[in-house]
Structure formats: C-alpha cells, structure tokens
Amino acid sequence: MDLEPEMLGDALTRLRRAQGQLNAVIAMIENGEDCTETLQQLAAVSRALDRAGFKIVATGLRHCNAARERGEEPPMSEAELEKLFLALA
C-alpha cells in the first residue's frame with residue numbers, strides 16, 4: 001500500500017525526532033558518557049520508533065476503511081494489516 005507523505009505527517013515528525021535522539025545516543029557513546037543516561041536515551045529512541053510504526057499502521061487502517069466506505073477494494077486486507085501491526089509488537 002502506498003501512503004502519501006502528507007498522510008504520514010505525524011509519523012514523519014516522530015521519525016525525525018527519533019533520528020535526532022539516535023544521533024545524540026551515538027555521540028554519548030562516542031564521548032564515553034554515563035551508561036545509565038545513554039540507555040535511557042536509547043529507550044526513548046526505541047519508544048519513538050514504535051510509536052511511529054503504530055501511527056503508520058493506524059493510517060493504513062484508516063486508508064483501507066475509507067476505501068471500503070467508498071465501495072472500493074482496499075489496498076490491503078485486514079490480515080495483512082494485522083501482520084504488520086504484530087511485526088511491531
């Protein structure tokens with residue numbers, strides 16, 4: 001299923017934020033900073049990536065439901081969307 005960038009604005013924002021956080025984690029490791037703080041930041045990156053993934057799946061669900069409501073064949077089946085969702089879990 002192709003999703004337009006404008007449909008995924010919130011997910012893109014989350015991914016850009018995660019990218020910045022990941023760059024900070026890399027710098028923390030390279031600079032030999034505290035392990036606890038580094039792992040806390042890494043956990044924040046992981047949560048941000050998970051949330052972006054869930055947002056993309058939710059957008060896909062809405063896109064498929066809208067297609068069904070218009071009487072069109074959705075680009076993905078519910079089983080395919082479920083598989084994507086479970087891949088994130």
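Tutor: Let's begin with T38, which lies in helix α2; helices here are DSSP runs (H or I, at least four residues), numbered from the N terminus. This is a predicted model, in which local features need pLDDT of at least 70 and side-chain atom pairs count only at pLDDT 80 or more, while totals for chains, interfaces and linings use all residues. Residues are numbered from 1 along each chain as its sequence is written, and side-chain values use heavy atoms, with hydrogens and water left out.

Student: Is T38 buried or exposed?

Tutor: Buried means under 20% relative accessible area, exposed over 50%, and partly exposed in between (1.4 Å probe, protein chains only). T38 has 8% relative accessibility, so T38 counts as buried.

Student: Which residues does T38 touch?

Tutor: A contact means heavy atoms within 4.5 Å. Leaving aside residues up to four places away in sequence, the partners of T38 are V25, M28, I29 and E33.

Student: Thanks! Which residues of α1 are buried, and what arc do they cover?

Tutor: In α1, the buried residues are A11, A18, Q21, V25 and M28. The arc is that of the directions from the helix axis to the C-beta atoms. They sit on the same side of α1, because around the axis they cover an arc of only 90°.

Student: And which residues are exposed on the other side of α1?

Tutor: What covers the buried residues of α1 includes α2. On the other side of α1, the exposed residues are R16, Q19 and E30.

Student: Where is R14 found, and which residues does R14 touch?

Tutor: R14 is found in helix α1. Its relative accessibility is 25%, so R14 counts as partly exposed. Not counting residues up to four places away in sequence, R14 touches A48, R51 and A52.

Student: How many Å apart in space are R14 and R47?

Tutor: In sequence, R14 and R47 are 33 residues apart. From C-alpha to C-alpha, the distance in space is 9.9 Å.

Student: Last one: which residues make the nonpolar surface patch, and which elements give two or more of them?

Tutor: Patch residues have over 30% relative accessible area and no salt bridge, with nonpolar side chains (Val, Leu, Ile, Met, Phe, Trp, Tyr) joined within 5 Å and like charges within 9 Å. A salt bridge is a side-chain nitrogen of Lys or Arg within 4 Å of a carboxyl oxygen of Asp or Glu. L12, L15, L49 and I56 make this patch of about 280 Å². The elements giving two or more residues are α1 (9-30) and α2 (35-69).

Key
Areas by Shrake-Rupley, 256 points an atom, 1.4 Å probe, with all protein chains shown as cover.
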